[in-house]
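Welcome! Open your viewer, get your selection tool ready, and let us walk through the model together.

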Amino acid sequence: MLSSRSLILPRILLAILAPAFLVSSLAAQTQRTPSETVRAFYKAMHDHRFKEAWALTIYRPAVDGLNAEEMEDLRPDFEEKAAAIPDPVEISGEQISGDSATVFVKVPISDSTPQNTSQPVTLIKSGGAWIIGDEANQAIVKKAGRRFFLDALITQHHSDIEDLLKRVIAVQIVYSQQNGVFGNLAVLINAGLVPKAAGDPKELGYNFRVTVGRDGKTYLAGAEPVRYGHTGKLSYGMDQTGTIRSLDNGGKAVSAPN
């Protein structure tokens, strides 16, 4: 004859497992369609809930494990992407073929016209749920993991600094021809010759400077990452000759080329 103790254990297990079965059942009933996934992604991006947004895509491994400071490093880039999202998002249709799908989103042809064009968004099924992206890029993201966005940000910042230094070379020639001397960073920004972002370390990811010699006939430009290994790895130096020097020296300043 079974003891009362042997009867209690199954009841306890049922009490524990019942909510789990209920949650699983509800999840199956509320699984998003491809179109709903795209809407949820754009909504989360528009609301700046970036981790929630990327969790609906192949880029989830790139944000899982990022700490608050790293998310702040990435925020300006994410906000720029969010700003390009139309509001509201209009979906004109979807096509499903096995474990892949395409959702068609209406986007403006340009800022100056009300006409729209249809832009395809690719999705794949992963773990039983639809996520935005394709298998080839999903493999790349998985391999890079949490470094994916961070390394992409560093590469972008390096390119931005090099472009900015090249721009300084060109505008200094123009400014000196008009004024007889070179201009420092504040002067060049106020004259509209370089973007305001050049003076914003948070947006640029770098501490950027342009200083002018006492006689106004020479200048030095330099840039170091705000957070070495996170917002950049290379430090830069340049003088009025226009020769750019870059060096990975732990985020310290480098002298201009001799």
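In what order do the strands of the open sheet come? The order is 5-6-7-8, with antiparallel pairing (two strands pair if DSSP finds at least two bridges between them). Strands here are DSSP E runs of at least two residues and helices are H or I runs of at least four, numbered from the N terminus.

Before going on, note that this is a predicted model, where local features need pLDDT of at least 70, side-chain atom pairs count only at pLDDT 80 or more, and totals for chains, interfaces and linings use all residues. Residues are numbered from 1 along each chain as its sequence is written, and side-chain values use heavy atoms, leaving out hydrogens and water.

Look for Thr-211, which stands opposite Leu-220.

**The largest core.** Next, show Val-38, Phe-41, Met-45, Trp-54, Val-105 and Leu-123, the residues with the most contacts inside the largest nonpolar core, which has 31 residues. Such a core is a set of buried Ala, Val, Leu, Ile, Met, Phe, Trp, Tyr and Cys residues joined through side-chain atoms within 4.5 Å; buried means under 20% relative accessible area with a 1.4 Å probe, protein chains only. Helix 2 gives the most to this core, with 6 residues.

**The second core.** Finally, select Phe-182, Ile-189, Ala-198 and Ala-223, which are among the 21 residues of a second, separate core.

Conventions. Buried < 20%, exposed > 50% of the residue type's maximum accessible area, 1.4 Å probe, protein only.
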